[in-house]
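Please look over the sequence and the 3D structure shown here before reading on. The report below is meant for a reader who is meeting this protein for the first time.

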Amino acid sequence: MLLPPVQHGATVLNREFFRRVIEVPGIRVPINSISKFLKILNKDLFNQPKLRNVVEDPESKSNKIILLNPKFTSLELDGLPQEVNELINKEGLDVIHHSIELNYDYWGADEILKAILPEEVESPSSFTQVGHIAHMNLRDEFLPWKYIIGQVILDKNPKITTVVNKTDIIDSTYRCFNMEVLGGENNLMAEVKESNCRFRFDFSQVYWNSRLNTEHERLIKMFRKGDYICDVFAGVGPFAIPAAKKGCIVYANDLNPASYKYLAENISLNKTNDKIYPYNLDGRHFIKKAVQDLEKNMTTAAADSTNLRTFDHFIMNLPATAIEFLDVFRGLYKGKESLFEASSMNLPMIHCHCFSKSETPEKDLFERINAKLEDSLSPESYKIHFVRHVAPNKDMFCFSFRLSRAVAFFQESCKRQQDEVNISSQNNNNNNNITCGKDGKDNNNELLLLNQAPSTKKIKLED
């Protein structure tokens, strides 16, 4: 591989510095013999990215020049197969030096940054693309070169017109973070296409993660036309709007006023106004109100107070704190036991996204979720899906479970009896499925069985 000139530690991007002329050995070959020589030369050809093995001969229109591997430093071409040398001599072909000029445009971002940054520093050329925005998360050691990095990323990616760097942790309330522009336009209004939908938003005011695209699609595939979905932390609508386009009725909420604003705009943009009810509430308050509003809307439509309809799925995509909201489901349907029995309707599925730093994530999540629900989930009632690796020793999961009757119809007077059941169940084996996709992609899944003891057993599980 042809490497660029090195300027380690440069603080200003000098594109002219990367201009380089190299001398390459070549054979001047008649045009009608090109194919024959290419076949016998094969591994000894120039073979460099973005450059041709055969170039025009500036001295003759009847010939072309076949370029050879730069390892041949002498025109004697020592090391070429004997049959090639014999053919060159037999046909009286010229072996020449051919000049190739390379410049800044030839090399990629990774190669340019490796040439500029100190030798001991890795190249930070990766980023997440959000519309026209390249979102970087630079470590402290890169900060002295942050503007050079931003300019190189801008130069090497034609569809990128703005490069930003996260300067703070994600705000736990509104899920947005401070950022600075490293290169290009100061334009943070992004438009993204995902799941055959369009989303517009100010990237500095809302949460959007393009790496969750696979997880969005995975859950949406579970939903059926006519399902009722409650999206508790909806953001700008990456779950809600595709689900509505699929024919679901969605109650979608976000506490962040900016997210609510763009959620409403994206609902109109995607023509799903008749399928989505947007809210701007605290998640706990929203869950209660959405259940009440759905019941009211269905009763009004059916003119029959015994006609029960509730949500088929709750989505809780707030991995840092979603588990803390699960206590709202205790007694959420208290007093409606007879209506559920009369209608034969299932209690809803809850999809709770969460982080775990534990070496035994299923055990960790199982215990934390049980503690919030004040219930002991049965092994067949839940499933854990690995979403993605977030940071060293930190992974994101989706813990999906069917809301139990004990939790849904919970009454305070029954708590003592429930506690006794929970104490007894602690001695049971709490094994279950944990389906693992690589960085959110659904590959061959693995079944990870974890008991209360730290031992682990792995077997294959087909989808």
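## Overall build

The model is predicted, and the protein in it has twelve helices and 20 strands.

Among the contacts in the protein with a separation of 6 or more, 66% are accounted for by residues 24 or more positions apart.

## Residues annotated as a binding site

An unreviewed UniProt entry places the feature "binding site" at H216, D254, L255, D282, G283 and N317. Of these residues, H216 and N317 are included in the lining of the largest cavity.

L255 is found in the loop between β12 (249–253) and α7 (257–269), and with a relative accessibility of 34% it counts as partly exposed. N317 lies in the loop between β14 (313–316) and α9 (337–343), and because its relative accessible area is 7%, under the 20% limit, N317 is buried.

## E324 and its contacts

The loop between β14 and α9 also holds E324, a residue that is partly exposed, with a relative accessible area of 43%. Which residues does E324 touch, if those up to four places away in sequence are not counted? They are R284 and K372. E324 and R284 are 40 residues apart in sequence, yet their C-alpha atoms are 9.5 Å apart in space.

## The pair of helices α1 and α2

Helix α1 (residues 34–41) packs with helix α2 (residues 82–91) at an angle of about 155°, and the axes of the two helices are 11 Å apart. That angle is over 145 degrees, so α1 is roughly antiparallel to α2.

On the α1 side, the residues that meet the partner helix are K36, F37, I40 and L41, and on the α2 side they are V84, L87, I88 and E91. An α-helix has 3.6 residues a turn, so residues three or four places apart point the same way.

## The enclosed helix α4

Helix α4 (residues 146–156) is largely enclosed by the rest of the structure, because eight of its eleven residues are buried.

## Two loop residues with positive phi

K50 is not a glycine, although it has a positive phi of about 70°. The place of K50 is in the loop between α1 and β2 (54–56), and at 63% relative accessibility K50 counts as exposed.

N196, likewise a residue other than glycine, has a positive phi near 60°. The place of N196 is in the loop between β9 (189–194) and β10 (197–202). Is N196 buried or exposed? Its relative accessible area is 77%, and because this is over 50%, N196 is exposed.

Terms used. Residues are numbered from 1 along each chain as its sequence is written. This is a predicted model: local features need pLDDT of at least 70, side-chain atom pairs count only at pLDDT 80 or more; totals for chains, interfaces and linings use all residues. Side-chain values use heavy atoms; hydrogens and water are left out. Helices (H or I, at least four residues) and strands (E, at least two) are DSSP runs, numbered from the N terminus. Contact means heavy atoms within 4.5 Å. UniProt positions are given in the numbering used here, feature names are shortened, and annotations may be inferred rather than shown by experiment. On a 1 Å grid over the protein atoms alone, a cavity is a set of points where a 1.4 Å probe fits but cannot get out, and a pocket is an open set with protein on both sides within 12 Å along at least five of seven lines; lining residues have an atom within 4 Å of a point. Buried means under 20% relative accessible area, exposed over 50%, partly exposed in between (1.4 Å probe, protein chains only). Axes are lines fitted to C-alpha atoms, for helices over the stretch in contact, and angles run from 0 to 180 degrees between N-to-C directions. Angles under 35 degrees count as roughly parallel, over 145 as roughly antiparallel, 65 to 115 as roughly perpendicular and the rest as oblique.
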